[in-house]
Amino acid sequence: MNPLLPLFKRELLEFKKHVFPILLFWVLMPIIIHTLLAIPLSRLITMDIRYLNWSAAGIWITAAGMTAFLQSASRMRKIQFESQQIDALLKSPISNIDLITINIARGMMYGFGQFIVAILITSTLNHEYLSLGSFLILFIQMITLILHFSVLGTFVGILVSNGILFVNISFILFLTVTMGFGNFIPLKYYPPSFLSVINTIPTTTAFENVRSVILHNPFNWAGFLLTLLGTIFIGIITLIISHKIFRKL
Amino acid sequence: MEASITFKSVGKAIGKKTLLADLSFGVEKGSTFVLIGENGSGKSMILKLLVGLIEKDTGSVYIHGQDISSRSLETRSMCGYMPQNINLDEDLNIFDNISIHGQLHGLTSAEAMKSTLHWADLLGFTKYLKQSPYDQAYGLQRKILFARALVHDPKVILLDEPTTGMDPHSRSTVWNILDKLHYDKTIIFATQNFTEAERYANRIAILHEGNIKMDGTLERLIETTHGLTNYRLAFSKEPPQEFMDQLEQFPRVLRPRLKGLELEFYSRERQQFFKVLRLALEHDLADLDTSICRLRDLFIGLTEGGLE
């Protein structure tokens, strides 16, 4: 039997056990971002389209991305630094890549669930509904971003044992995603020197692509592919590090 | 007998500290091998190394002829490991904790369920299967770890202080199970319990500072003492220093040590004992006990610089 199947089954059992708090989190996260971030900013920022409709993309990215990051990072930290479950798993005939794959899949599962709930909530709040075609394009763009955040979470979860440091990293990431990449404040408001830096980061383009679904603009597939390549690169680094950390060389 | 596990010049160091030093030994198929040693002597490390939780620096280790480095997935699937610490999954109930591990070792869902129920029944925790393992007593958590180690019917069973924290009834259940299993399995267990080691092991290895100081059957180990006997004299009040000074004059009275009101020493000659006894009678002797050297005495001798 493929060891990924029981590992995935374990994740489903945990999901089943905590289904109500998870659903509550999925519903509250986009509502809180919409209420505390998007609505106040909608009174300050003027643009061609309605701000709340435009910022829906930021809500999807922040909610789904942060959920994927936090789920994958906290699970990796828990099994490694808190419960020593890592030993129980590593004694089984599973490889490091299996363990990392399932951790990334976990982040993606929670991130994707959050994305679906967020899209339902923002569509209801903004009275804007996506066509099936737009949704499919959005799905492809978002799944790449969720994967990116999940891999990043696994990478951080393997390296950061200190709880305070992990909270700080998560907080900085939240601020960067919401405020630093044009997800809630259009990029035209940022100084040119800052733009010259963040425009070199492929993730900026990947975020832009999600907003393009709402704006009906063409996509930058190069940015999408570069984000995917960057994610694979972080994944490979995580795997290399895991060989040094998991089996205590 | 065919070898089940072979260690060849295995070394492991962390920083400047040597944890295993050029360790070589073999364990036969169908035998029960015990590792005894003080804390930090390398017992747990040997078990962790066999299940791939720790990588060795030098040497080779084989399980049923397969190298644990190049065939790690195969060798890990042959082993059932019970750790010293409780590392159960708090998000799963007891049943799922055991069943998922069976499935990770290649059992189907139905096989894992059957095996989990079988072990839960044998170890007497069927009624707790749907509960969280962390709501249970420590002894029961240890039994869950034991069941988890055996759920996939491993060829090699590795147990790190298996009965620590268990009540006498549970200890006896665990040893009865191992007694039945040892005919077609290789069992290695680490312990500090000399009685269990003497009673259940076919072979005993005494570890000290990452190496095996002595290895063999209990009879063979006892033979190496050449009839050394342990004597214990109890006094009703503490004997004076003069008495201890007099004992120093007997060269064949080995390792005399006064602990409170009890004097312990070793000797191979009865006459020496009688001489000490005569002296002791002058100083409120209350009781005495003699026994031939056992594992505990050998262990003390080997790890604390020798009995002689």
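How many salt bridges are there between chain B and chain A? The count is 4, a salt bridge being a side-chain nitrogen of Lys or Arg within 4 Å of a carboxyl oxygen of Asp or Glu.

The model is predicted: local features need pLDDT of at least 70, side-chain atom pairs count only at pLDDT 80 or more, and totals for chains, interfaces and linings use all residues. Residues are numbered from 1 along each chain as its sequence is written, chains are lettered from A and ligands numbered from 1 in the order in which they are written, and side-chain values use heavy atoms, with hydrogens and water left out.

**View 1. The contact between chain B and chain A.** Chain B brings 28 residues and chain A brings 28 residues; contact means heavy atoms within 4.5 Å. The buried area is about 2600 Å², with 54% from carbon and sulfur atoms. Buried area is the accessible area (1.4 Å probe) that two parts lose on being put together, summed over both. On the chain B side, B:Leu53, B:Asp91 and B:Leu104 lose the most area to chain A, together 26% of what that side buries.

**View 2. Salt bridges at A:Arg10.** A:Arg10 pairs with B:Asp89 in a salt bridge, with the closest N and O atoms 2.6 Å apart. A:Arg10 also meets B:Asp91 in a salt bridge, at 3.5 Å from N to O. This second pair runs from the loop between strand E6 (79–82) and H3 of chain B to helix H1 of chain A. Over all chains, the whole structure holds 20 salt bridges.

**View 3. Polar contacts and the chain B side.** Between chain B and chain A, 11 residue pairs are in polar contact, both residues at pLDDT 80 or more. A polar contact is a pair of N or O atoms within 3.5 Å; within protein, one must be able to donate a hydrogen and the other to accept it, and residues adjacent in sequence count only if both atoms are side-chain atoms. Helix H2 (72–78) and helix H3 (94–104) of chain B each supply at least two residues of the side that touches chain A. H3(B) gives the largest share, 5 residues. Helices (H or I, at least four residues) and strands (E, at least two) are DSSP runs, numbered from the N terminus.

**View 4. H1 against H2 in chain A.** The axes of H1 (residues 4–17) and H2 (residues 19–42) of chain A come within 5 Å and cross at roughly 80°. H1(A) and H2(A) are therefore roughly perpendicular (65 to 115 degrees). Axes are lines fitted to C-alpha atoms, for helices over the stretch in contact, and angles run from 0 to 180 degrees between N-to-C directions. A:Phe15, A:Lys16 and A:Lys17 of H1(A) meet A:Val19, A:Ile22 and A:Trp26 of H2(A).

Note on methods. Parallel < 35°, antiparallel > 145°, perpendicular 65-115°, else oblique.
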